[in-house]
Amino acid sequence: MNKTNNPTLKPYAQKLRREMTKEERHLWYDFLKGLPVTFNRQKVIGNYIADFYCASSKLIIELDGSQHYKEKGIESDKKRDEYFNYLGLVVLRYSNEDVNHNFDGVCEDILKRL
């Protein structure tokens, strides 16, 4: 998969890792980081950056803020998801509201999918 990655996205992915949203921080530090499988944060895959990626489970987790629910965001996410699915990856999407108000439910759902 690394052969298809866009190397120009690496600095931006590093910046996103340093500047995670509060929802990304919560999911990372309070759940994903402690799992027995390895997740990468802000992983470059092709021309996209996935919020969280687990290679062993072929799983991507995306946390969606309000911009993802506008027409342009919906179209963009559809293209991303189609590309990831083409690579054999499963994309799980959760809203920031889900993380803030139903954290245990989000974590349970992720565990089911692993």
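Q: Why does Phe-52 count as buried in this predicted model?
A: Buried means under 20% relative accessible area. Phe-52 has 0% relative accessibility, so the residue counts as buried.

Q: Why does Trp-28 count as buried?
A: The relative accessibility of Trp-28 is 10%. The cut-off for buried is under 20%, and Trp-28 therefore counts as buried.

Q: How many aromatic pairs does the rule give, and what makes the pair of Trp-28 and Phe-52 stacked?
A: The count comes to 4 aromatic pairs. In the one formed by Trp-28 and Phe-52, the ring centres are 6.2 Å apart and the planes stand at 10°. Rings pair if their centres lie within 6.5 Å, and planes under 30 degrees apart count as stacked; the pair of Trp-28 and Phe-52 is therefore stacked.

Q: Why does the pair of Trp-28 and Phe-52 tie together parts that are apart in sequence?
A: Trp-28 belongs to helix H2 (residues 22–30) and Phe-52 to strand S2 (residues 48–54), so the parts tied together are 24 residues apart in sequence.

Q: Why is the pair of Tyr-48 and Phe-84 called edge-to-face?
A: The ring centres of Tyr-48 and Phe-84 are 5.8 Å apart and the planes are at 70°. Planes over 60 degrees apart count as edge-to-face, so this pair is edge-to-face.

Q: Which parts of the chain does the pair of Tyr-48 and Phe-84 link?
A: Tyr-48 is in strand S2 and Phe-84 in helix H3 (residues 71–86), distant parts of the chain, 36 residues apart. Both Tyr-48 and Phe-84 are buried, and together with Tyr-83 they form one aromatic cluster.

Q: How many disulfides does the structure hold, and why is Cys-54 in no disulfide?
A: The structure holds 0 disulfides. The cysteine sulfur nearest to that of Cys-54 belongs to Cys-107 and is 15 Å away. A disulfide needs sulfur atoms within 2.5 Å, so Cys-54 is in no disulfide.

Q: What makes Cys-54 and Cys-107 buried?
A: Cys-54 has 0% relative accessibility, and Cys-107 has a relative accessible area of 7%. Buried means under 20%, so Cys-54 counts as buried and Cys-107 is buried.

Q: Is Gln-42 buried or exposed?
A: Gln-42, in strand S1 (residues 40–45), has a relative accessible area of 3% and is therefore buried. Its phi is near 45°, a positive value in a residue other than glycine.

Definitions and conventions. Residues numbered from 1 in each chain as written. Predicted model: local features only at pLDDT ≥ 70, side-chain atom pairs only at ≥ 80, totals over all residues. Heavy atoms only, no water. Phe/Tyr/Trp six-rings, centres within 6.5 Å; stacked < 30°, edge-to-face > 60°. Helix = DSSP H or I, 4+ residues; strand = E, 2+ residues; numbered from the N terminus. Buried < 20%, exposed > 50% of the residue type's maximum accessible area, 1.4 Å probe, protein only.
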